[in-house]
Amino acid sequence: MLDPKLLRSDLPGVAAQLARRGFVLDIAGIAAIEEKRKAAQIEADRLRAERNANAKAVGAARAKGADSAALLVHGEALGARLKAVDVELEKLQAMMSDIQLGLPNILHASVPDGRDESANVELRRWGDPRQFAFPPLDHVALGERRGMDFEAAGRMSGARFVVMTGALARLHRALVHFMLDLHTGEHGYREAYVPYLVRAEALIGTGQLPKFEQDLFSVRGDPGFFLIATAEVPVTNLVRDQILNPESLPLKFAAHTPCFRSEAGAAGKDTRGMIRQHQFEKVELVHIVQPERSGDALEELTSHAEAVLKALELPYRVVALCAGDVSFSSAKTYDLEVWLPSQSRYREISSCSNCEAFQSRRMQARWRNPATGKPELVHTLNGSGVAVGRALVAILENFQEADGGVTIPQALRPYMGGLAKI
RNA sequence: GGAGAGGUGGCCGAGUGGUCGAAGGCGCGCCCCUGCUAAGGGCGUAUGGGUCAAAAGCCCAUCGAGGGUUCGAAUCCCUCCCUCUCCGCCA
C-alpha cells in the first residue's frame, strides 16, 4: 500500500509515478471521493465530540442530583444523526480502501523504463553456456528414463504436476538441503519453517490479495485458507504487527516451502515439462531491514541467490526488470535467469525484490527508530534462492553427457551420497 | 471433539457503565542529588486520523477483531480470532 498521506497531498505526483508501470490513476475520481470522505469525517468527528460532551454532562448532572432528561433526549438525537453520517463515512472509507489496496508500489528511480520484458536490462552474465558435441535433450527426455513421470501425476492430479522417483527425487531433495545449508551456513540466514495455508489477511499484507485472487488456490472448510504461492507470504508476515528493536535488524530468513499457483493466466504457456507447475518447491530468502538499508540489502540478497547458481556451476544472467515488468508489490526487482540448452535461452529461476514499505504498511511491521524514538515502517525484501524444480531442470540439461548420463555438480555430491553421475 | 480460564500501552499488570487513553511497576529519555561500582529523587515517555502554511493547541478513534445495547462501553450482550489448563483423540 502506498502512503495515504502521499495520496492525499500529491495525487498528480503519484499518478505520474504509477504511469511508469502503465497504470492509469483516476485522479479526478479519487479526489472527489477523498473530498467527500474528508467532509464526512469532519462532520462525524464533530458530532462525536458533541455526543461525548453531552454524555459527560449527563454524568455531571446525575452526580449533582440534577434533572438530566433534556440531555438524554438531546443525546438520542445526536446518536441518530451520527449513525447516518457514520454509514456514509464507512461507505466512502471502504471505497478509498479498495482503491488503495489496488494500487501497485511506486517504482524506485533506478528502474529502467519499458512496457514489458523485452525492455528489461541485462546487468551481467556469469558462466559460459556449454557447447554441446551432440544435440542436447530437454529435461523431459532426460528425466523420463530416471523416474520423472508426468503421466502418473496426470492420472491423479491432471496437468502441471509431476512425480519423481529414485535418483531424481533425491536430487530434488539434495538441492533443497544444499541451498538451505549455503544460506544458513555462509550467508547468515535463520532457517524458518512456516505454514503453507494462510488467511486472507496475510495475503493482503504481502500484496497477493485482493487483486490477484485468481492466481491462488484456496481450500474449502471453515475457516477458509489459501495455499501459499510463495514462502514470501508466511515469512514476511512473521513481522506483521510487530515493533522491532533496531538491534534485531536486519532479520534474514531462509525457508523451504512448496508453492501453489493456479497459473490461471498461463494457458498454453510452458505446457511441456517442469517449468511451470501448479505445485513446486522453492527456497525463499527474506530480509527485514531499516529503510535506508534496503537498497544495499537488495544487492546482497541477489548475490546470495547468485551464489547458489555459481556453486551449482549453472550459467546465468542478471536482469533489471523494467517499469512494466516489476510486480505489484515491488519497487525494484532483479531476475536471475539460468541457461537452458534445450531452449537456447535464459529462463527465470529467481526473482529478487525490494518492496520498501509497501508490504510493511499493509502489515504494520515497524521498528523503533532510535533517531526519532518513534515506530517507523521497516522495508521488506524477498527473493528466491532459488526455485528448486527449475534448478533441477537446469542441472539435467546443462550437465547431460553424450552417453545419456547426467553429471552431478560437485557441490551436490555430498547430498547425493557421493554419487557423481545419474 | 468435550469442559473451563483468559486476551489492556515497548513489557508486566490494575481496572465490571460516567471525571479511564487508562492506576502501579519495569524499561527507556532528560534533569537533580550522591559518589566508587550501588542507590535516591523529579519530570517525561502509545498509535492513527482531522483542523492549521507549520508548530502549539484543540477534536476524533484505538483496551484481540467485528457487530449490538446505552445519553455514555476497557467494563454489559452476540459472532469470530488467538492463548492457556484439564479430558479425549492423534502423526
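In which strand is V386 found? V386 lies in strand β16, where strands (E, at least two residues) and helices (H or I, at least four) are DSSP runs numbered from the N terminus. The model is predicted, so that local features need pLDDT of at least 70 and side-chain atom pairs count only at pLDDT 80 or more, while totals for chains, interfaces and linings use all residues. Residues are numbered from 1 along each chain as its sequence is written, chains are lettered from A and ligands numbered from 1 in the order in which they are written, and side-chain values use heavy atoms, with hydrogens and water left out.

**Backbone geometry**

Most residues other than glycine have a negative phi, and most peptide bonds are trans.

| Site | Feature | Value |
|---|---|---|
| L249 to P250 | cis peptide bond | omega about -5° |
| G385 to V386 | cis peptide bond | omega near 0° |
| D241 | positive phi | near 60° |
| E263 | positive phi | about 50° |

P250 sits in the loop between β8 (243-244) and β9 (251-260), and D241 belongs to the loop between α9 (232-236) and β8. E263, in the loop between β9 and β10, has 17% relative accessibility and counts as buried, that is, under 20%.

**Domains and nonpolar cores**

In chain A the domain assignment, which is automatic or from a database, gives domain 1 (26-101) and domain 2 (117-416), and their centres, taken over C-alpha atoms, are 48 Å apart. A nonpolar core is a set of buried Ala, Val, Leu, Ile, Met, Phe, Trp, Tyr and Cys residues joined through side-chain atoms within 4.5 Å. The largest one has 53 residues, and L171, L175, M179 and L412 have the most contacts inside it. Helix α7 gives the most to this core, with nine residues. Apart from it lies another core of 22 residues, including A44, L89, L103 and I106. Leaving aside neighbours within four places in sequence, L412 is in contact (heavy atoms within 4.5 Å) with L171, A174, L175, F178, L312 and I395.

**The second largest pocket**

This pocket has a volume of about 270 Å³, the volume being the space filled by probe spheres set on grid points joined across faces, edges and corners. A pocket is an open set of points on a 1 Å grid over the protein atoms alone, where a 1.4 Å probe fits, with protein on both sides within 12 Å along at least five of seven lines, and lining residues have an atom within 4 Å of a point. Its lining has 15 residues, of which V162, V163, M164, H172 and Q279 lie nearest the centre.

Notes. Buried means under 20% relative accessible area, exposed over 50%, partly exposed in between (1.4 Å probe, protein chains only).
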